[in-house]
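Reader: Can we walk through this one together? Keep it short, please.
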Amino acid sequence: ASMLLPALSKARAAAQSAKCVSNLKQVGLGGVMYAHDFDDYMLCVQYDTDFHTDTLWQHQLIVQGYVNASGALQCPAAARAFTISAAAADYDFPTDAKDMSYGLNYMTFGASPTHGAATPKRSTAIEGFNSASRIIYIADSVQGIAEAALLPGVAAGSWNLSGAYLANNSYYPHQTYDWSYYAMNGRHNNRANVLFMDGHVDKLSPAEFNTADHWWPRQNNRVLTWY
């Protein structure tokens, strides 16, 4: 029986990764429909500045009907699952968004419509840099304060670990700069599942994720620039 455990563990991990890939493809399709309905604008992280779950990009996919259930926004390999209701009231961000599984590349696609550095952009503006097949849109992320409490060397309660955001300098469990800042999470055999802007999904290792092509163009004072 003990000989079967490693094989069963590998099979379970493979199934979890496959479900995660399927989730991201659904999210990608939802993002395409969102852009079609909203004058070509891509999803941004949140739609006000008060950090409420009912204004985050995941919730927008649900309430607009682009994703049928919050299960499509949950990676089965994540430490904990989260729930966002389509009828969600005005929730406090650090408490109720703590278990989100996926983050959005906010420095390219926007943090919020009123953000000082990164606002929503049309897909055509980003595609003008010929980067749609390379740039990270949404990916496995460290889930926030719930998972932070389970990870070594991190103080629980840091809202910087919110799974809604994703930045290009952080990868857990292999630290790159400061992984606690909007980190990508390599929870699939030390690789992260990634949805690229053109809709395809692939895995990135720590060595692969931080190349400039995966994160640029990015915004500087709300203007898309190349490195």
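This is a predicted model: local features need pLDDT of at least 70, side-chain atom pairs count only at pLDDT 80 or more; totals for chains, interfaces and linings use all residues.

Reader: How many helices and strands are in the protein chain?
Author: Seven helices and nine strands. Helices (H or I, at least four residues) and strands (E, at least two) are DSSP runs, numbered from the N terminus.

Reader: And what share of the residues is buried?
Author: 50% of the 227 residues. Buried means under 20% relative accessible area, exposed over 50%, partly exposed in between (1.4 Å probe, protein chains only).

Reader: New topic. What is the strand order in the open sheet?
Author: β3-β1-β2-β6-β7, five strands with mixed pairing. Two strands pair if DSSP finds at least two bridges between them.

Reader: Which strands stand at the edges?
Author: β3 (165-166) and β7 (201-204). Each has a single partner strand, so one side of each is left without a neighbour in the sheet.

Reader: How do β1 and β2 run, parallel or antiparallel?
Author: Antiparallel. Three bridges join β1 (residues 102-105) to β2 (residues 136-140). In one of them, Y102 partners D140 of β2.

Reader: Where is V32, and is it buried or exposed?
Author: V32 is in helix α1 (residues 4-37). V32 is exposed, because its relative accessible area is 52%.

Technical notes:
Residues are numbered from 1 along each chain as its sequence is written. Side-chain values use heavy atoms; hydrogens and water are left out.
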